[in-house]
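Visitor: Could you walk me through this model? I'd like to ask a few things as we go.

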Amino acid sequence: MFRNVVEQARSEGLNVKVALFDTVTSLPGMRFPFEELTRVCKDEGIFSVIDGAHGIGHIPLDLKELQPDFFTSNLHKYGSTNPRDRSQGN
Ligand SMILES: Cc1ncc(COP(=O)(O)O)c(C=O)c1O
């Protein structure tokens, strides 16, 4: 779907340079397919900018593996939690 949007924008003469997306949206708290979107950005030559405000401490994140162009976050939301503990039901 994201690829289609990029294609559509380009067919309209737009130069898609950057895509901004969340790890987890604020409302309705949906886990975004940010790994796939990052891969599409790499394929399409688009800068990926991930808003990880609800990501760090909430879901497992491997930025070395993901390699987005930019990743932003904060630590005051889930900074004292451990997503590994959570996945084990602790
Ligand atoms: C998706 C997302 N990005 C960024 C922010 C900004 O976070 P803050 O200004 O609290 O650091 C929020 C706030 O809840 C958010 O939901």
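This is a predicted model: local features need pLDDT of at least 70, side-chain atom pairs count only at pLDDT 80 or more; totals for chains, interfaces and linings use all residues.

Visitor: Let's start with the layout. In what order do the elements of the chain run from the N terminus on?

Guide: The chain has four helices and three strands. Its C-alpha trace spans about 50 × 30 × 20 Å along the principal axes. Reading from the N terminus, the order is α-β-α-β-α-β-α.

Visitor: What share of the residues in the chain is buried?

Guide: To count as buried, a residue needs 20 or more other C-beta atoms within 10 Å of its own. The chain holds 90 residues, and the buried part of them comes to 14%.

Visitor: How many residues of α1 are buried?

Guide: This helix has ten residues and lies largely in the open, because none of them passes the burial test. After α1 comes G13, with a positive phi near 90°. As for the buried count in α1, the number is zero.

Visitor: On to α2. Why do its buried residues line one face of the helix?

Guide: Helix α2 covers residues 34-44, and its buried residues are F34, L37, T38 and C41. Look down the axis of α2 and these buried residues fall within a limited arc, so they line one face; that arc is 100°.

Visitor: And which exposed residues sit on the face of α2 turned away from the buried side?

Guide: The buried residues of α2 pack against α1 (2-11), β1 (18-22), β2 (47-51) and α3 (63-66). Just past the end of α2, G45 has a positive phi of about 70°. The face turned away from the buried side carries E36 and D43.

Visitor: Is V16 buried, exposed or partly exposed, and which residues does V16 touch?

Guide: V16 sits in the loop between α1 and β1. Around V16 there are 16 other C-beta atoms within 10 Å, so V16 is partly exposed. V16 and C41 are 25 residues apart in sequence, with their C-alpha atoms 9.9 Å apart. Setting aside residues up to four places away in sequence, V16 touches V6, A9, R10 and I46.

Visitor: H54 brings me to the ligand. How many residues around the ligand are nonpolar, polar and charged?

Guide: The residues around the ligand are D22, S26, D51, A53, H54 and N74. Sorted by class, the shell has one nonpolar, three polar and two charged residues.

Visitor: How far apart are the end C-alpha atoms of residues 15-78?

Guide: UniProt lists residues 15-78 as "domain: Aminotransferase class V", in an unreviewed entry. The span is 23% helix and 20% strand. From end to end, its C-alpha atoms lie apart by 36 Å.

Visitor: Last one: what share of the contacts with a separation of 6 or more comes from residues 24 or more positions apart?

Guide: Here a contact means two C-beta atoms within 7 Å. Among the contacts in the chain with a separation of 6 or more, residues 24 or more positions apart account for 45%.

How values were computed:
Residues are numbered from 1 along each chain as its sequence is written. A residue is near a molecule or strand if its C-beta atom, placed from the backbone, lies within 6 Å of it. Ala, Val, Leu, Ile, Met, Phe, Trp, Tyr, Cys and Pro count as nonpolar, Asp, Glu, Lys and Arg as charged, and the others, Gly among them, as polar. UniProt positions are given in the numbering used here, feature names are shortened, and annotations may be inferred rather than shown by experiment. Helices (H or I, at least four residues) and strands (E, at least two) are DSSP runs, numbered from the N terminus. A residue is buried if 20 or more other C-beta atoms lie within 10 Å of its own, exposed if 12 or fewer, and partly exposed in between; C-beta atoms are placed from the backbone. The arc is that of the directions from the helix axis to the C-beta atoms.
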